[in-house]
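Please look over the complex shown below before reading on. The briefing that follows takes up the contact between the chains, then domains, helix packing, strand pairing and confidence.

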Amino acid sequence: MRRLEIIVSRLAWFVPTIVGLLIIIFTISHIIPTDPVRVLAGDNATQEQLDALRKEYGYDKPLPIQFINYLKDVATGNLGISIFTKRPISETMWHRLPATLELTFAAVFLSVLFGIPLGVLSALKRNSLFDHVLRVITVSGLAVASFWLAMELQFLFSMNLAVAPLNGRISGFGPDPITGFFVIDSLLIWDMESLRSALSHMILPAITLALPAAATIVRFTRAGVLEVINSNFVLYERAMGIPWPLIVWKYVLRNALISTVTQIGLIFGVFLSGAVVVETVFDWPGIGAYAVNSILQSDYKAIMGFTIWTGAIFLIVNLITDIAHTLIDPRSSQ
Amino acid sequence: MTKHPFRLIALAAVAALGLSGAALAQGKYVHANNSGYDNLDPHAVFDVGRAASRINFYDGLYRWVDNPPKMIPWLAESHTVTEDGLSWTFKLRQGVKFHDGTEMTADDVVYSMERMLAMKKGPATLFMAIIDPGTTKAKDRHTVVFNLKEPSAVFHSTVPEILIVNSKLVKQNEKDGDWGQAWLSKNVASTGSYTLRRYDPAVGFVGARFKDHFAGWGAKSFDEIEFRTVLETNTRVLGLLKGDIHGTDGYLPQDQIARLRQASNVQIIEQESMRVFYFAVHNSRPPLNDVHLRRALSYAFDYDGFNNDLLKGAVSRNAGPVPNNLWGVPKDVKGYTYDLEKAKAELAKVKEPMRPIVIGTLAGFSETEQAATLLQNAARKIGIEIKVESAPWPVVQSRMQKEDQMYDMVPLWKSTYYVDPNNWIGEMYGMRYLPLRNNSYYRNPEVDKRLEQALKVTDQSTRDRLYQEAGRIVVDDAAGIFVYNTKWFGPYAANIGGIRFCPIGNAQDMRWAYFK
């Protein structure tokens with residue numbers, strides 16, 4: 001019952017939160033002393049061109065009307081036309097979504113795969129040499145700048161060892177899109193060359209994203225396990241003669257994962273909203289690279305669209321995280 | 001009517017290039033671009049960053065090649081112009097095929113011009129002021145007439161930008177009167193050198209050689225060209241060093257050029273471009289409306305220090321508004337030199353009350369910030385206070401186009417939109433371009449008389465003289481601080497030959513290139 005209440009409550013807040021976000025970004029975009037029509041028309045535009053475009057894109061209307069129109073458009077999934085590319089922003093973001101999703105899933109998978117077991121082991125071997133070494137690695141992983149790590153990985157694995165591609169998502173343009181996920185599409189058409197190419201292109205950007213994410217997961221898992229491992233129920237289970245590995249991996253871990261799951265949710269949200277730097281350095285054609293290009297081109301409409309996307313992603317991720325909490329710890333939904 | 005000898009030039013050009021439709025071709029050229037190919041419509045995009053799709057997929061009536069740029073006949077064989085300069089008749093080449101096999105005719109040219117004028121985007125800028133919708137006529141199947149509202153000598157140099165689309169195909173794909181914009185943003189309907197093979201707005205495009213192109217092909221021309229978007233400079237450079245790509249943009253930072261020069265598998269092709277760096281000065285606002293203050297500031301800029309030390313000699317001194325490598329430049333004008341004594345002498349003659357001068361620089365473009373700081377330091381030595389404010393280009397641009405909001409000075413570049421002195425001195429200082437392009441708010445009837453006359457006469461030597469005279473006055477008036485003309489350093493794989501750099505398109509016209 002409590003789970004349903006959480007979902008309804010979160011959904012109820014979704015619309016006002018997005019509207020609030022829209023008001024903020026719309027206001028900011030109109031405070032900046034620039035004219036999107038001049039950007040759209042280019043350096044050499046004539047006054048006639050400016051007037052025509054102002055009318056075409058509705059910039060000739062009063063601000064409140066412009067905002068209401070923008071609200072209506074966003075409600076129907078229309079984020080407007082990019083003032084630089086002159087293409088629909090929703091269509092562009094939708095087109096780029098599979099690339100970002102594919103990289104996100106790979107990076108989150110890697111970070112969870114290594115982060116949780118290492119976090120548990122670190123807690124079990126508290127203050128051992130393993131724990132100290134892992135602490136150094138995780139602190140380094142959190143501190144390292146992603147663009148620096150990305151370039152170092154490129155130098156080492158692409159340039160010096162020549163074992164991984166330098167950039168891009170696949171050699172050439174990849175298979176004709178079915179789902180847009182190259183790994184899945186390659187399997188669907190059983191194109192092993194494309195599959196190998198897609199996976200090899202994914203390795204370096206996924207590692208770059210996964211390292212700091214895994215470090216976060218290790219730290220939170222370790223702290224969670226240390227807190228739970230001294231609980232009375234663990235003492236009771238040991239007294240009952242339940243095998244130690246079973247206690248740790250089934251009972252302790254489940255209770256220790258609450259804060260880790262929250263972190264995984266946030267990491268997922270950050271990656272989904274565009275791993276801006278990593279996508280740019282690795283020339284990964286996702287939403288993050290689109291955001292960078294939009295910022296470089298001062299494409300305010302696209303930047304607004306990206307901001308809405310980011311806001312929506314975090315709201316959804318928070319909702320999923322809350323639901324996950326109730327599944328992991330049924331007490332929270334009672 | 002004046003007959004232009006373009007037909008002979010066309011034959012000579014084709015013969016000189018050794019082109020043959022039956023020639024063999026080979027390989028795939030891969031280029032990494034620093035800007036996205038997110039729209040393929042030749043009438044919607046018009047910036048240098050996306051020039052490759054316009055040049056390689058589409059043909060114009062004429063075409064720019066080489067440096068200094070030469071205009072060669074392309075879809076049109078020749079043209080005539082009436083004595084009053086209003087009616088321009090172009091004779092089209094016969095038998096030119098679109099990619100779908102249909103023949104290109106004068107109707108396609110008319111449709112392309114009407115489409116540009118209706119869309120009012122990108123290249124329409126060049127034509128809206130001089131051609132009204134509905135006035136372009138197909139005289140017969142292979143003759144088209146452009147009727148201008150007023151005489152315009154500049155029209156001639158903008159003809160290569162009239163890129164022709166397949167009108168029947170585009171019309172079939174029009175939706176809700178959009179002139180086929182949605183469809184043409186991701187498709188190609190042209191006669192151009194390459195057909196569209198793959199396109200992903202997030203990645204780039206692949207073009208396949210159009211075997212039936214009217215101009216034929218060289219013996220070693222590429223079979224395919226691939227242009228990919230790679231935003232990160234370091235990744236483009238590494239890709240070239242590794243051999244993943246064969247070429248990238250020619251305006252890389254000098255430290256990256258130096259790095260590439262050391263690689264045996266990379267060549268750097270160096271050319272003087274047509275991109276003038278200067279300070280736009282607000283000539284109408286006190287105290288900068290005083291010519292002596294403007295001259296004092298011109299003497300206070302350390303040109304050698306900036307060009308040779310800060311920019312490591314990667315540019316060439318340009319003393320006036322028109323690029324050195326174009327006609328219309330008064331060769332006897334040496335421009336200002338860094339001389340603080342002369343600056344002080346000029347400053348002593350200033351009658352206007354002094355106040356701090358505000359320079360607006362372009363955020364993210366460090367050269368503009370360095371130039372402003374250099375001038376600020378020198379000006380302080382002679383008692384002029386300068387404040388430097390930085391803002392993104394759209395903000396600076398918006399302020400520049402309003403006389404009351406324009407900064408006192410803005411360091412920036414004037415790029416090539418068409419190869420004619422009017423692109424520089426005309427638009428920068430002609431009163432007809434106030435306030436959108438003449439952001440210096442310079443109003444000099446003597447200069448304006450010459451610029452206006454140069455727009456109307458078609459005789460080249462007369463125009464050359466008029467632009468030279470106007471240039472002398474502008475420099476003497478110190479209407480701007482003219483610093484340098486950009487050099488282009490094209491980085492290509494060592495095995496690439498046949499790159500023909502032209503300031504229009506920055507060497508991205510790939511039909512001439514080949515693997516050695």
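In this complex, 37 residues of chain A are in contact with 40 residues of chain B, two residues being in contact if their C-beta atoms, placed from the backbone, lie within 7 Å. This is a predicted model, in which local features need pLDDT of at least 70 and side-chain atom pairs count only at pLDDT 80 or more, while totals for chains, interfaces and linings use all residues. Residues are numbered from 1 along each chain as its sequence is written, and chains are lettered from A and ligands numbered from 1 in the order in which they are written.

**The side of chain A that touches chain B**
- The elements of chain A that give two or more residues to the side touching chain B are α2 (36–41), α3 (47–56), α5 (89–124), α7 (146–160), α13 (276–281) and α14 (287–296); helices (H or I, at least four residues) and strands (E, at least two) are DSSP runs, numbered from the N terminus.
- α3(A) gives the most to this side, with five residues.
- By class, the side of chain A that touches chain B has 15 nonpolar, 15 polar and seven charged residues, where Ala, Val, Leu, Ile, Met, Phe, Trp, Tyr, Cys and Pro count as nonpolar, Asp, Glu, Lys and Arg as charged, and the others, Gly among them, as polar.

**Domains**
- Chain A is assigned domain 1 (34–76) and domain 2 (90–333), with bounds that come from an automatic or database domain assignment, and the centres of these two domains, taken over C-alpha atoms, are separated by 39 Å.
- Chain B is assigned domain 1 (2–233 + 494–515) and domain 2 (273–487), whose centres, taken over C-alpha atoms, are separated by 33 Å.
- In chain B, 16 residues of domain 1 are in contact with 16 residues of domain 2, and the domain 1 side of this contact has eleven nonpolar, four polar and one charged residues.

**Helix packing**
- The axes of α5(A) and α14(A) come within 8 Å and cross at roughly 130 degrees, the axes being lines fitted to C-alpha atoms, for helices over the stretch in contact, and angles running from 0 to 180 degrees between N-to-C directions.

**Strand pairing in chain B**
- Strand β9 (residues 194–200) and strand β10 (residues 204–209) of chain B run antiparallel and are joined by six bridges, two strands being paired if DSSP finds at least two bridges between them.
- A hairpin through three residues joins β9(B) to β10(B), and B:R198 has B:V206 of β10(B) as its bridge partner.
- β10(B) also pairs in the antiparallel sense with strand β11 (residues 224–229) of chain B over five bridges, where B:V206 stands opposite B:E226.

**Confidence**
- The predictor gives the complex an ipTM of 0.78 and a pTM of 0.83.
- Chain B averages a pLDDT of 91, and 95% of the residues score at least 70; pLDDT is the predictor's confidence in each residue, from 0 to 100.
- Over residues 1–25 of chain B pLDDT stays under 50, and the model has 41 contacts beyond four places in sequence for them.
- Where pLDDT is low, the predicted coordinates should not be read in detail.
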